[in-house]
Amino acid sequence: MSTLSQTKELFRRADAVCFDVDSTVIKEEGIDELAKFCGVGDAVTEMTRKAMGGSVSFKTALTERLSIIKCSREQVNKLITDHPPQLTPGIRELVDRLHQRNIKVFLISGGFRCIVEHVATQLNIPLDHVYANRLKFYFNGEYAGFDESQPTAESGGKGKVISMLKEQYSFKTVVMIGDGATDLEACPPASAFIGFGGNVTRQQVKERCSWYVTSFGELMKELEKI
């Protein structure tokens, strides 16, 4: 594992920075918000906690949670309209600064593309820089499952996306930032991992990373040193 000073140095000279979305870029867990909206919040929140703690495989947790929610296309659209995702304070400024420095920004999420694209648009992140799970619906709009071929549907999927990005863009230094076990395990292939605890603290992540921040302002300060 890199030291604190090495991680900061890698962040300052990164070719690309990849952010987790739920509880990192946005304040909430998108799947939990969807479950609450569909009236099955408690059952799903407990399953999310297990998934984020790393005690069950991500795909198993995702399948089980979605089979409880069974959201329709209409419910998803209404959730985004009535309860749009709340950006974490400081993320807009940080992404703007990274873009100014010509550092590419990607969103890699175990959440749903329809919600993550909404977030990307707010942050001026190109939609082809979004990697997330796709919900599937029948022609009448009822829930039909999710696209299991997406790398983000699997444990270890975020690392697979980062490997793909390094190959596709010839990136040398890629930094992953997130709050959960699935973010931590993406390093390697990420050059460095920064734990984020601004919305929720996951002890396992905090203990296992060399740089743990609780606000995006801490990352902004580091960029100012360049």
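The stops below begin with the overall fold and then turn to salt bridges.

**Whole chain.** This is a predicted model. The C-alpha trace spans about 50 × 35 × 30 Å along its principal axes. A compact globule of 226 residues would have a radius of gyration near 17 Å, and the protein agrees, with 17 Å. Of the 226 residues, 52% count as buried. Among contacts between residues at least 6 apart in sequence, 63% join residues at least 24 apart.

**Surface and charges.** Switch to a surface display: the protein exposes about 10200 Å², of which carbon and sulfur atoms supply 48%. Next, colour the charged residues; the mean positions of the 28 positive and 29 negative charges lie 4 Å apart. The salt bridges number 10.

**Helix H3.** Select lysine 36 and glutamate 33, which form a salt bridge with their closest N and O atoms 3.0 Å apart. Both belong to helix H3 (residues 30-37), where a spacing of three residues separates them by about one helical turn. Lysine 36 is exposed, at 51% relative accessible area, whereas glutamate 33 is partly exposed, at 23%.

Arginine 12 meets glutamate 9 at 2.6 Å, N to O; the two are three residues apart in helix H1 (residues 4-12). Arginine 13 also forms a salt bridge with glutamate 9, at 3.5 Å. Relative accessibility is 34% for glutamate 9, 22% for arginine 12 and 47% for arginine 13.

Methods. Residues are numbered from 1 along each chain as its sequence is written. This is a predicted model: local features need pLDDT of at least 70, side-chain atom pairs count only at pLDDT 80 or more; totals for chains, interfaces and linings use all residues. Side-chain values use heavy atoms; hydrogens and water are left out. The radius of gyration is taken over C-alpha atoms; the globule rule is 2.2 Å times the number of residues to the power 0.38. Buried means under 20% relative accessible area, exposed over 50%, partly exposed in between (1.4 Å probe, protein chains only). Contact means heavy atoms within 4.5 Å. Accessible areas come from the Shrake-Rupley method with a 1.4 Å probe; for residues, only the protein chains shown count as cover. Lys and Arg count as positive and Asp and Glu as negative; His and the chain ends are not counted. The place of a charge is taken as NZ of Lys, CZ of Arg, CG of Asp or CD of Glu. A salt bridge is a side-chain nitrogen of Lys or Arg within 4 Å of a carboxyl oxygen of Asp or Glu. Helices (H or I, at least four residues) and strands (E, at least two) are DSSP runs, numbered from the N terminus.
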